Amino acid sequence: RDKYEKIQDEQMRRLVEMNLAYIEHYEASNLDQLSVKSYLKSDGGINTCDLTLPIGLGTFMQQIVERNPLPIQLNTIVTNIDIPSDKNEPIRITTKDNRHYLTKYVLITIPLGCLKANSIQFTPPLPDWKQNAIDQMGLGLLNKIFIQYPSTFWDEKLDDLFIASNSFRFFVCHPHDHILVAFVCGRFARKLEQQTDEEIVEEIIQCLKPIYPQIPKPIKWLVTRWSCDPFAYGSYSNFKVGATHETSRELAKECYDNRIYWAGEHTNYGGTIGCVDSAFESGQSEAKRIYNKLNILFRD
Ligand SMILES: Cc1cc2nc3c(=O)[nH]c(=O)nc-3n(C[C@H](O)[C@H](O)[C@H](O)COP(=O)(O)OP(=O)(O)OC[C@H]3O[C@@H](n4cnc5c(N)ncnc54)[C@H](O)[C@@H]3O)c2cc1C
């Protein structure tokens, strides 16, 4: 921060600001909330390889399910997990529609935000070390505001826009559909979630007007509010001040006599956290561990 304050050259200052803003958007939190120590040891700065799934991640899941017929229960909200002290007794899972499932092992993959919000009641309660890790890990907020205009008023060759401002800073451009997508993160995103869609869109127009005085009236918009979503309560995890890779390792560590396992992007301590591949890797590795345990059990 001190070095940044000393930059005299206005253009250089903006360039640095843009890079710092990029980190804030990538981590979905303000810089003062992030751990520099853990960021430098995580995936910060690696060359990422992005793949876009044009028709959504749902199709990816669909293919897995079609190839391996699995008894997946959709729209089933878990409310309680009761773990008997006797290891030979099954674990009881209760759902919101008051159904019960008995099982030997459980793999928990609900988002970190839901764990922080105690969406599932564990009996007996989670051990202190697990609860501490849940509290300690950072949870970012990244929202997108999609706005469609009647025409493309920006330079069609641009992939994205960066505005050196304190409010809306990043826009991804889709000139073909006349759509601009504003990315907002951290405290600003949290504040915007309290406003109506119309108020947010108006703020964006006011932000773009000094650059594009001819900006037309938008025709459609869509605003995400991840921190209000009861199945997410945030966007994805990061290392907040005080959190380390050990925190993520603790989030992944099984508990209740190795009967409750954990996966999800926030648990992928061996690789990246916060991404789709983080969730996939951790899910696969924990599922294999349970599978191997069951194999040994039935073989014996
Ligand atoms: C705006 C935004 C942009 C992103 N961009 C990228 C990107 O470009 N690249 C990338 O790799 N990643 C990106 N991510 C992150 C990525 O989406 C997540 O890291 C990934 O989806 C996490 O997967 P998961 O399985 O851990 O959790 P989730 O995908 O959140 O799955 C958890 C599931 O648990 C369900 N659930 C919650 N509570 C309960 C309950 N009580 N009972 C039953 N089910 C419950 C939820 O409904 C959900 O289906 C982005 C995320 C956001 C929000």
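This is a predicted model: local features need pLDDT of at least 70, side-chain atom pairs count only at pLDDT 80 or more; totals for chains, interfaces and linings use all residues.
Student: How is the protein divided into domains?

Tutor: The domain assignment gives domain 1 as 2-33 + 142-228 and domain 2 as 57-138 + 234-299.

Student: How far apart are the C-alpha centres of domain 1 and domain 2?

Tutor: The two centres are separated by 34 Å.

Student: And how many residues are in contact between them?

Tutor: Ten residues of domain 1 touch eight residues of domain 2.

Student: What area is buried there, and what do carbon and sulfur atoms give?

Tutor: About 620 Å² is buried between domain 1 and domain 2, and carbon and sulfur atoms contribute 39% of that area. On the domain 1 side, the residues losing the most area to domain 2 are Glu27, Gln33 and Trp226, which together make up 50% of what that side buries.

Student: How many salt bridges and polar contacts are there across the interface?

Tutor: The rule finds zero salt bridges between domain 1 and domain 2. Polar contacts are present, however: seven residue pairs are counted, with both residues at pLDDT 80 or more.

Student: Which element gives the most to the domain 1 side?

Tutor: That is helix 2 (residues 10-27), which supplies three residues to the side of domain 1 that touches domain 2. By type, the residues of that side are four nonpolar, four polar and two charged.

Student: How many salt bridges does a search of the whole structure find?

Tutor: The search finds ten.

Student: Let us turn to the ligand. Which residues come nearest?

Tutor: There are 20 residues around the ligand, and those that come nearest are Val78, Glu265, Gly274, Cys275 and Val276.

Student: What do the backbone atoms of Val78, Cys275 and Val276 do there?

Tutor: For Val78, a backbone N or O atom lies 2.9 Å from a nitrogen atom of the ligand. Cys275 has a backbone N or O atom 3.4 Å from an oxygen atom of the ligand. A polar backbone atom of Val276 is 2.8 Å from a ligand oxygen atom.

Student: Now the backbone geometry. Where is there a cis peptide bond?

Tutor: The bond joining Thr123 and Pro124 is cis, with omega about -5°. Pro124 is placed in the loop between strand 5 (121-123) and helix 6 (128-136).

Student: And what is phi of Asn118?

Tutor: Its phi is near 55°, a positive value in a residue other than glycine. Asn118 is found in the loop between helix 5 (112-116) and strand 5.

How values were computed: Residues are numbered from 1 along each chain as its sequence is written. Side-chain values use heavy atoms; hydrogens and water are left out. Domain bounds come from an automatic or database domain assignment. Contact means heavy atoms within 4.5 Å. Buried area is the accessible area (1.4 Å probe) that two parts lose on being put together, summed over both. A salt bridge is a side-chain nitrogen of Lys or Arg within 4 Å of a carboxyl oxygen of Asp or Glu. A polar contact is a pair of N or O atoms within 3.5 Å; within protein, one must be able to donate a hydrogen and the other to accept it, and residues adjacent in sequence count only if both atoms are side-chain atoms. Helices (H or I, at least four residues) and strands (E, at least two) are DSSP runs, numbered from the N terminus. Ala, Val, Leu, Ile, Met, Phe, Trp, Tyr, Cys and Pro count as nonpolar, Asp, Glu, Lys and Arg as charged, and the others, Gly among them, as polar. A residue is near a molecule or strand if one of its heavy atoms lies within 4 Å of it.
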